[in-house]
Amino acid sequence: MIDFFEEKKSTHLEKLNKFRSISNRLSWLRLFLFLTLAASIITVLSTSILWIWGVVFVVTVGFYYAILAHKASEKAQNMQEALASLCEEEIERLNTHLSQFETGESFLQAHHPFQADLDILGRHSLYQLLNRCEIPESKELLAAWLSQPAPKGDILLRQESSKELSDQIDWALE
C-alpha cells in the first residue's frame, strides 16, 4: 500500500512540475503581451495610424486569455500539490507516524467507560489513524461514532460502505 501512495505522490509531483513550467511560460507571455499592449496604446495616442487599433484589440484579447490560462494552470498546480500532500499523509499514517495529525483530545470525556483504555482519542489513537475530516462537525461526528456503541444495522451499513469504497482508492484521493 505504501508503494501505491509513493507512486501516486511521484505522479502528482511530476504533474505539479509540469504545471509550474506552464505557469512560468504563461507569466512571460503575459508580460510580453502587456508590454506590447502598452507600446501599442502609446503608438495609437502619438500617431494617427488606424491599424494599430486592431493590434490593441488583438493583444488585449490575447492578454485576457493568457490570464485565464494562467489562472487555470495555478488551479491545476494547487490540485496536484494537494494530492501529493494527501499521498504523503497516507504514507505517514501507514508508517504510524501520527504526531502531525489531530488527536481528537478535545472530544475526550473524563468518565467515558472505554475511550482511554482503547486509545479511541488522544495521541496515537484510532481517531488519529482514521480522521480525514476538514470541518468541525465531521470531526465531532467521527469522535462520536468511535466513542459510542452503534446499533447493529448501522454497523452493517458502515461496513458495507467501507467495503464498496475500499477498492476505489483513486476516488478517495480526488
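The following questions and answers concern a predicted model. Residues are numbered from 1 along each chain as its sequence is written, and side-chain values use heavy atoms, with hydrogens and water left out. Local features need pLDDT of at least 70 and side-chain atom pairs count only at pLDDT 80 or more, whereas totals for chains, interfaces and linings use all residues.

Me: Is Phe57 buried or exposed?
Reply: Phe57 lies in helix α2 (residues 51-94), where helices are DSSP runs of H or I with at least four residues, numbered from the N terminus. Buried means under 20% relative accessible area, exposed over 50% and partly exposed in between, with a 1.4 Å probe and protein chains only. Because its relative accessible area is 58%, Phe57 is exposed.

Me: How far away from Cys87 is the nearest cysteine sulfur?
Reply: A disulfide is a pair of cysteine sulfur atoms within 2.5 Å, and a search of the whole structure finds zero of them. Cys87 is in no disulfide, and the nearest cysteine sulfur, that of Cys133, is away by 19 Å.

Me: Which arc do the buried residues of α4 cover around the axis?
Reply: The buried residues of α4 are Lys139, Leu142, Ala143, Leu146 and Ser147. They are on the same side of α4, because the arc they cover around the axis, taken from the directions from the helix axis to the C-beta atoms, is only 125 degrees.

Terms used
Helix = DSSP H or I, 4+ residues; strand = E, 2+ residues; numbered from the N terminus.
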